[in-house]
Amino acid sequence: MLGRLGYHVTGVDLSTVGIRQMNEAARQEKLDVQGKVADLYTFAIDQSVDIILLDSIIHLYKKDYEREKQLLTRILKQMKPGGLLCNFMLKGKTRENELKKIYQESKTAFKVLRDDYTEYPAFQTTYHMYIIQKQINASKGR
């Protein structure tokens, strides 16, 4: 969708099948979309990126908590000042509070642009939508 809106998009996934499908669809539609087979947990954050979208990537289940916390902290630290971090995850008060706690503890200044919910009717699911903007010339999260 972001490619159809005119954005340059880089998609990262471990699945070669998924990336191949994305690249083929982008080629057919002549979109500025490129898929890369890579591990998101070690993928280098490009300072030119304006928007980082984590769609159903973060779950904050007990077994994945530390790994996901490290990923979020690294993204916040490395992302471009003024850039947006958009996280969509299944609705759940505990995990939503944990996500916000991770952002607060990151010592990265940010502004919350959206803290809301969106419906996914096909699966009768509600997602928490948390969109923040990394602040320029600031060092402490709020």
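Me: How many nonpolar residues are in the lining of the largest pocket?
Reply: Happy to go through it, keeping in mind that this is a predicted model. The pocket has a volume of about 1,500 Å³ and is lined by 44 residues. By class, 7 of the lining residues are polar and 11 are charged, while the nonpolar ones number 26.

Me: Which element gives the largest share of that lining?
Reply: β1, α1, β2, β3 and α2 each give two or more residues to the lining of the largest pocket. The largest share is 6 residues, and it comes from α1.

Me: Is Tyr-7 buried, partly exposed or exposed?
Reply: Tyr-7 lies in the segment before β1. Buried means under 20% relative accessible area and exposed means over 50%. Tyr-7 has 42% relative accessibility, so it counts as partly exposed.

Me: How far apart in space are Ser-56 and Glu-66, C-alpha to C-alpha?
Reply: Ser-56 is found in the loop between β3 and α2, and at a relative accessible area of 31% it is partly exposed. In sequence, Ser-56 and Glu-66 are 10 residues apart. In space, their C-alpha to C-alpha distance is 17 Å.

Key
Residues are numbered from 1 along each chain as its sequence is written. This is a predicted model: local features need pLDDT of at least 70, side-chain atom pairs count only at pLDDT 80 or more; totals for chains, interfaces and linings use all residues. Side-chain values use heavy atoms; hydrogens and water are left out. Helices (H or I, at least four residues) and strands (E, at least two) are DSSP runs, numbered from the N terminus. Buried means under 20% relative accessible area, exposed over 50%, partly exposed in between (1.4 Å probe, protein chains only). On a 1 Å grid over the protein atoms alone, a cavity is a set of points where a 1.4 Å probe fits but cannot get out, and a pocket is an open set with protein on both sides within 12 Å along at least five of seven lines; lining residues have an atom within 4 Å of a point. Grid points are joined across faces, edges and corners, and a volume is the space filled by probe spheres set on the points. Ala, Val, Leu, Ile, Met, Phe, Trp, Tyr, Cys and Pro count as nonpolar, Asp, Glu, Lys and Arg as charged, and the others, Gly among them, as polar.
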